Amino acid sequence: MGINQAKRDKTKQKISDAFMALYASKSYFDITITDVCGRAGIHRTTFYAHYTNMDSLVREMEDKVLSEIEEIAQPLYGRDLRHPDMAAIRGTLAALIDYYQAHAEHLIPMMAPYNDPYFEIRFRRIILSSYMASFKNSGVTPNATQYYSLLCYASGLKEITYEWLKKQDVSKEQLLGIFLSLLEGARTAQGTAHP
């Protein structure tokens with residue numbers, strides 16, 4: 001990596017860190033470029049050398065986090081819902097919980113109900129995509145009721161994760177148990193579980 005690229009990366013990190021420090025206490029919609037520049041100790045022209053506007057900064061940060069979540073969740077994609085490998089599912093969900101906890105300072109403001117809805121929509125889409133791939137792999141075509149049940153499950157998973165990150169009032173193992181119970185409920189409600 002050249003000196004210029006290292007300097008660019010360092011500046012982008014300063015901008016990102018400044019934004020996240022503000023994001024922890026303010027709504028996305030209340031943060032201005034001036035706020036970010038002041039916190040980062042840079043001029044507005046420096047900001048614009050890296051980002052076209054505040055949205056491009058936020059999208060880049062959210063896309064990075066969501067890509068990491070999607071990569072961890074990859075083993076859940078395309079599983080046969082009729083014969084689930086619960087040990088593998090348990091391991092993947094535990095890895096996701098570890099990631100959520102390790103990145104709580106970024107995830108809490110991103111998941112907050114008063115912030116940019118893009119993150120929540122993409123987060124739900126990751127969960128829904130894994131389920132839709134699993135339905136397809138199981139030879140099942142979900143009907144509208146099943147789809148809406150999955151949408152509810154995906155939204156609930158996001159809300160539970162957000163509340164847990166804020167409160168940390170149950171252990172990671174207890175949270176994993178909640179996720180597995182919800183997963184089993186969603187799976188059996190779909191008619192994909194074996195008797």
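At the start of helix 4, asparagine 53 has a side-chain oxygen that comes to within 3.1 Å of the backbone nitrogen of aspartate 55. That pair is a polar contact, meaning N or O atoms within 3.5 Å; within protein, one must be able to donate a hydrogen and the other to accept it, and residues adjacent in sequence count only if both atoms are side-chain atoms.

A word on the source. This is a predicted model, in which local features need pLDDT of at least 70 and side-chain atom pairs count only at pLDDT 80 or more, while totals for chains, interfaces and linings use all residues. Residues are numbered from 1 along each chain as its sequence is written, and side-chain values use heavy atoms, with hydrogens and water left out.

Now the overall picture. The protein has nine helices and zero strands. Here helices (H or I, at least four residues) and strands (E, at least two) are DSSP runs, numbered from the N terminus. The C-alpha atoms fill a box of roughly 65 × 35 × 30 Å, taken along the principal axes. Of the 195 residues, 40% are buried. Buried means under 20% relative accessible area, exposed over 50%, and partly exposed in between, with a 1.4 Å probe and protein chains only. Take the contacts in the protein with a separation of 6 or more: 68% of them join residues 24 or more positions apart. Contact means heavy atoms within 4.5 Å.

Back to helix 4. Helix 4 has 20 residues and reaches 28 Å from its first C-alpha to its last, close to the 28 Å expected at 1.5 Å a residue. The expected span is 1.5 Å times one less than the number of residues. Which residues of helix 4 are buried? They are Met54, Leu57, Val58, Met61, Glu62, Val65, Leu66, Ile69 and Ala73. Seen down the axis of helix 4, these buried residues fall within an arc of 150°, so they line one face of the helix. The arc is that of the directions from the helix axis to the C-beta atoms. On the face turned away from the buried side of helix 4 are the exposed residues Lys64 and Glu71. The buried residues of helix 4 pack against helix 1, helix 2, helix 3 (44-50), helix 5, helix 6 and helix 7.

Next, the core. The largest nonpolar core has 55 residues, and those touching the most other members are Phe19, Val36, Phe47, Met54, Ile69, Leu93 and Tyr100. A nonpolar core is a set of buried Ala, Val, Leu, Ile, Met, Phe, Trp, Tyr and Cys residues joined through side-chain atoms within 4.5 Å. Leaving out residues up to four places away in sequence, valine 36 touches Ile15, Ala18, Phe19, Leu22, Ile31, Phe47 and Met54.

Helix 6 has the buried residues Ala104, Leu107, Pro109, Met110 and Met111. Their cover includes helix 1, helix 4, helix 5, helix 7 and helix 8.

Is arginine 122 buried or exposed? Arginine 122 lies in helix 7 and is buried, with a relative accessible area of 17%. Apart from neighbours within four places in sequence, arginine 122 is in contact with Asp63, Leu66 and Glu70. Lysine 166, in helix 8, is partly exposed, with a relative accessible area of 41%.
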